[in-house]
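Thank you for making time this morning.

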Amino acid sequence: MLRKAVCALLGPGDRSLILSGGWAARSLHCWAAAPRPGSRLGAGWVQAARGYAAVSRKSQEFPSQLDDLSPTMLKKDYRDLEIVNKTNEVVRRLLSLEMASHREKLKLKTSQLVEKVRRSPSDIGSTEVQIAILTAKIRNYQEHLQIHRKDKTNKRYMLLAMDRRKKLLKYLRRSRYEVFENVCTQLGIQYTFPPEYYRRVTRRWAAKKALCIKVFQEVQKLRAAKRQKQKAVAAEKAQLTSKEVSEGTPV
């Protein structure tokens, strides 16, 4: 079909050229590079018909959590050194974020998030600090997956980090609700409640659940009756023992 469509758009001389030169990709490409006069089909059309013209896609830019870091800021390892302030401009530029790698920038961003929620300057392992570290990792994975959508390994790491952070947030919400609200506000986390059931409710599953609940209730009743009987036997035995002691007979 492609051969008929191209021949329909060409002149008589160009048709004979294609038929004599073969239908190979190399011959057609060489012929398209130097089109004959009188031809109604240019070189670009022939290349597109044979698949030689590639569409150029512009790389889309996505917002990053590292955009708010100034290039003049020093790296995390050199921020607290006083000698850095006495060095010249070239050394300060080498130690700044302008010459830093992505890992060093992410390290500085993680430390900024930790400083917002930690309890004290020496706090390095509390629940709030772990949530801040996981938040920085999750956002880094999300930015990476927006560009590399088929990276299954990093997607798995991101889901594991999200599950870990979800458990920590659930524990923090149950134990200290005020701290939980402060962490969500400082880190920009939107907490959503998990669904009560993770699978679709069917008639069979509902009947099975109702049966399990009924069996559990019957077992609880039987256990309660057994405990009541044991208490009655123990009370009767204690009453008999006290009666024997009051009469002075040896036990």
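Let me begin with the rule for aromatic pairs: rings of Phe, Tyr and Trp, the last by its six-membered ring, pair if their centres lie within 6.5 Å, and planes under 30 degrees apart count as stacked, over 60 as edge-to-face and the rest as tilted. By that rule the count comes to 3 aromatic pairs. One of them joins Tyr177 and Phe180, whose ring centres are 5.8 Å apart with the planes at 40 degrees, so this pair is tilted.

Before I go further, please keep in mind that this is a predicted model, in which local features need pLDDT of at least 70 and side-chain atom pairs count only at pLDDT 80 or more, while totals for chains, interfaces and linings use all residues. Residues are numbered from 1 along each chain as its sequence is written, and side-chain values use heavy atoms, with hydrogens and water left out.

Tyr177 and Phe180 are 3 residues apart in helix α9, residues 177-187, and are thus separated by about one helical turn; helices here are DSSP runs of H or I with at least four residues, numbered from the N terminus. For accessibility I use relative accessible area, where buried means under 20%, exposed over 50% and partly exposed in between, with a 1.4 Å probe and protein chains only. On that scale Phe180 is buried at 5%, whereas Tyr177 is partly exposed at 41%.

Another pair is made by Tyr191 and Phe193, with ring centres 5.7 Å apart and planes at 80 degrees, so this one is edge-to-face. Tyr191 is partly exposed at 21%, and Phe193 is exposed at 58%. Taken together, Tyr177, Phe180, Tyr191 and Phe193 form one aromatic cluster.

Let me turn to the charged side chains. A salt bridge here is a side-chain nitrogen of Lys or Arg within 4 Å of a carboxyl oxygen of Asp or Glu, and the structure holds 5 of them. In one of these, Asp68 meets Lys109 at 2.7 Å, N to O. Asp68 lies in the loop between α4 (43-50) and α5 (89-94), and Lys109 lies in helix α6 (residues 102-117), so the pair ties together parts that are 41 residues apart in sequence. Asp68 is exposed, at 54% relative accessibility, while Lys109 is buried, at 8%.

Within it Glu128 is buried at 2%, Arg176 is partly exposed at 30%, and Arg119 is exposed at 52%.

Last, the surface. Arg223, Lys226, Arg227 and Lys231 form a positive patch, a patch being made of residues with over 30% relative accessible area and no salt bridge, in which like charges are joined within 9 Å. Arg227 sits in helix α10 (residues 203-247) and is partly exposed, at 45%.

Technical notes: Patch = residues over 30% accessible without salt bridge, like charges linked within 9 Å, V, L, I, M, F, W, Y side chains within 5 Å. Areas by Shrake-Rupley, 256 points an atom, 1.4 Å probe, with all protein chains shown as cover. Lys, Arg positive; Asp, Glu negative; His and termini not counted. Charge placed at Lys NZ, Arg CZ, Asp CG, Glu CD. Helix = DSSP H or I, 4+ residues; strand = E, 2+ residues; numbered from the N terminus.
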